Amino acid sequence: MQQGNFVGRLDPKTGAIKVVHPPTANARPYGMAVNSKGVVFFVEFGANKVASIADDMKITEYPLPDPGARPRRIAIDADDIIWYTDFARGYLGRLDPKTGKVTEWQSPSGPKSEPYGIVFTKGALWYNESYAKPNTIVRFDPKTEKFQTWAIPGGGDIVRNMSVTPQGNPVMANSLVNKVGLIAVK
């Protein structure tokens with residue numbers, strides 16, 4: 001409930017719903033992902049924070065170093081490292097929730113690239129730059145810290161969400177052109 005500044009949980013067995021406010025006012029909870037231990041992580045699009053919520057609904061916030069950061073979506077890798085797209089500043093970020101250490105890289109199209117949807121698959125991060133025209137899909141290899149970029153056929157026009165096929169290929173929801181894009185990783 002982004003505008004109401006709540007994070008909630010639905011128990012599908014009982015139908016019970018619990019909601020809590022993040023500690024930060026106007027945090028605007030946004031993109032969520034679950035790690036290998038079942039812990040839910042989310043970004044606070046109204047603040048420079050990533051957060052997690054425990055089964056008891058206690059929220060832990062992880063501040064990002066730049067006060068202007070506005071993380072939009074997250075992905076979690078096989079080591080439970082949190083990766084986020086910083087929409088406002090045009091960065092890809094890495095958060096180790098065990099230590100709180102944050103590392104960031106400027107996205108290839110620069111500070112106004114507006115990175116958005118993101119997934120981790122086949123050892124790399126895949127995300128969209130929604131301001132680049134045409135929109136781009138970016139691959140980042142965390143081991144080499146190298147980027148690769150391709151234009152999205154048809155433009156893409158804002159990839160808000162991404163997922164992964166059972167074969168491990170990234171899938172894009174191209175919101176404003178009413179299409180789904182499949183990236184074939186060869």
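**View 1. Antiparallel pairing of strands 16 and 17 in the predicted model.** Strand 16, spanning residues 170-174, is joined to strand 17 by four bridges, and the two run antiparallel. Within this pairing, valine 171 has leucine 182 of strand 17 as its bridge partner.

View 2

**View 3. The hairpin of strands 12 and 13.** Six residues lie between the two strands of this hairpin. Strand 12 (residues 124-129) runs antiparallel to strand 13, and five bridges join them. Tryptophan 126 is placed opposite arginine 139 of strand 13.

**View 4. The hairpin of strands 13 and 14.** Strand 14 (residues 146-151) is antiparallel to strand 13 and is joined to it by six bridges. Valine 138 has threonine 149 in strand 14 as its bridge partner. Four residues separate the strands, and in the turn glutamate 145 adopts a positive phi of about 60 degrees.

**View 5. Burial of strand 13.** Six of the six residues of strand 13 (residues 136-141) are buried. In a regular strand, side chains alternate between the two faces of the sheet. In strand 13 both faces are covered: one side carries Thr136, Val138 and Phe140, the other Ile137, Arg139 and Asp141, and all are buried.

Methods:
Residues are numbered from 1 along each chain as its sequence is written. This is a predicted model: local features need pLDDT of at least 70, side-chain atom pairs count only at pLDDT 80 or more; totals for chains, interfaces and linings use all residues. Side-chain values use heavy atoms; hydrogens and water are left out. Two strands pair if DSSP finds at least two bridges between them. Buried means under 20% relative accessible area, exposed over 50%, partly exposed in between (1.4 Å probe, protein chains only).
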